[in-house]
Amino acid sequence: MQEDRRKEFPFWLLTIGVLALYFAWRVWADEIYAQVITIVSKGIGITIFVTFVGFALATLLGLILALGVLSRHRILREFARFYIEVMRGIPILVILLYIAFVGVPGFVSGYNWLAETLGLEPIRTRDINFLWRAIIALMLAYAAFIAEVFRAGILAVDEGQVEAAKALGLSPWQRFRLIIFPQAVRTILPPLGNDFIAMTKDSSLVSVLGVADVTQLGKVYAAGSFRFFETYNIVAYIYLLMTLALSLALRRLEARLRARAEHPQGG
């Protein structure tokens, strides 16, 4: 049954491909669409930068939190679990606004108090631009979700192999680096890829801070030209192309991992 489903022709992909080609033709043939995409596409670089940097930092923090949850020390476990549950319970938009207008000013105030005590150079809140405030907020929000992905992947590793590594005298770091993490990667990568796709879409939230990404440039253009239909068609089209490309790459990666798991000698 599962094999039959794999052989099914992807009509959904064909439909999306036809729609994508239609919109590409409209952009090429329609002067208004061409003007919109010329302006809005200038924000693609910012969208990609926010997504990649935010996700890389979130992945690092998520791994640290996952190790904290699995730690032998109760204080680390409780702190990591507290962070994960709180961050998962707050909407990302709220976290974004909180970090931008409460967290960063609070950090600057604390730093300046310490700087005055130590004789260091103070900083101003406006020195921290909204692009980095947005990246920090996405990092803190997504780290909580990614931590659960890492935790599940690590726990999926056969306990017998961990015990065998202990019997060989490997240190905890060696066990994690050589035995646990390489095997956990196969379990971790698919949901981690899904989180990356989700962050690509959620990066549009940075537009509420005025960051000049695809969504913000679209909002500004639509407000000035009143071409809301054409503008938001293009904005949706750009995000669809990015997420669809990532989704297809993720499916291909999952297929390769599945093939290696089914035929380990051939891989």
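Modeller: A residue is called buried under 20% relative accessible area, exposed over 50%, and partly exposed in between, with a 1.4 Å probe and protein chains only. On that scale, 35% of the 267 residues of the protein count as buried. This is a predicted model, in which local features need pLDDT of at least 70 and side-chain atom pairs count only at pLDDT 80 or more, while totals for chains, interfaces and linings use all residues. Residues are numbered from 1 along each chain as its sequence is written, and side-chain values use heavy atoms, with hydrogens and water left out.

Colleague: What makes T51 a buried residue?

Modeller: T51 has a relative accessible area of 2%, so T51 is buried. This residue lies in helix 4, and T51 touches F196, M199, T200 and S203, leaving aside residues up to four places away in sequence. A contact here means heavy atoms within 4.5 Å.

Colleague: Why is T215 called buried?

Modeller: The relative accessibility of T215 is 13%, and therefore T215 counts as buried. T215 belongs to helix 10, where V214, Q216, L217, G218, Y221 and A222 are among the other buried residues. Beyond residues up to four places away in sequence, T215 touches S204, S207, V235 and Y239.

Colleague: What is the secondary structure of the protein, and how is a helix or strand defined?

Modeller: Helices (H or I, at least four residues) and strands (E, at least two) are DSSP runs, numbered from the N terminus. By that rule the protein has eleven helices and zero strands. Its C-alpha trace spans about 70 × 70 × 25 Å along the principal axes.

Colleague: How do you know that the span of helix 10 is close to the expected one?

Modeller: The expected span is 1.5 Å times one less than the number of residues. Helix 10 has twelve residues, and its first and last C-alpha lie 16 Å apart, close to the expected 16 Å.

Colleague: What makes a set of residues a nonpolar core, and which residues touch the most other members of the largest one?

Modeller: A nonpolar core is a set of buried Ala, Val, Leu, Ile, Met, Phe, Trp, Tyr and Cys residues joined through side-chain atoms within 4.5 Å. The largest has 46 residues, and L65 and I146 touch the most other members. Two or more residues come from each of helix 4 (44-69), helix 5 (74-88), helix 6 (92-118), helix 7 (130-155) and helix 9 (172-202). Helix 7 gives the largest share, 16 residues. I146 touches F55, A58, T59, G62, L192 and D195, residues up to four places away in sequence not being counted. A second, separate core has eleven residues, including V214, V235, I238 and Y239. In soluble globular proteins, nonpolar side chains tend to be buried together.

Colleague: Why is F226 called exposed, and what is the value of its phi?

Modeller: F226 has a relative accessible area of 64%, so F226 is exposed. This residue is found in the loop between helix 10 (214-225) and helix 11 (228-262). Phi of F226 is near 60°, a positive value in a residue other than glycine. Most residues other than glycine have a negative phi.

Colleague: Which charges are counted, and how far apart are their mean positions?

Modeller: Lys and Arg count as positive and Asp and Glu as negative, while His and the chain ends are not counted. Each charge is placed at NZ of Lys, CZ of Arg, CG of Asp or CD of Glu. The mean positions of the 26 positive and 20 negative charges are 3 Å apart.
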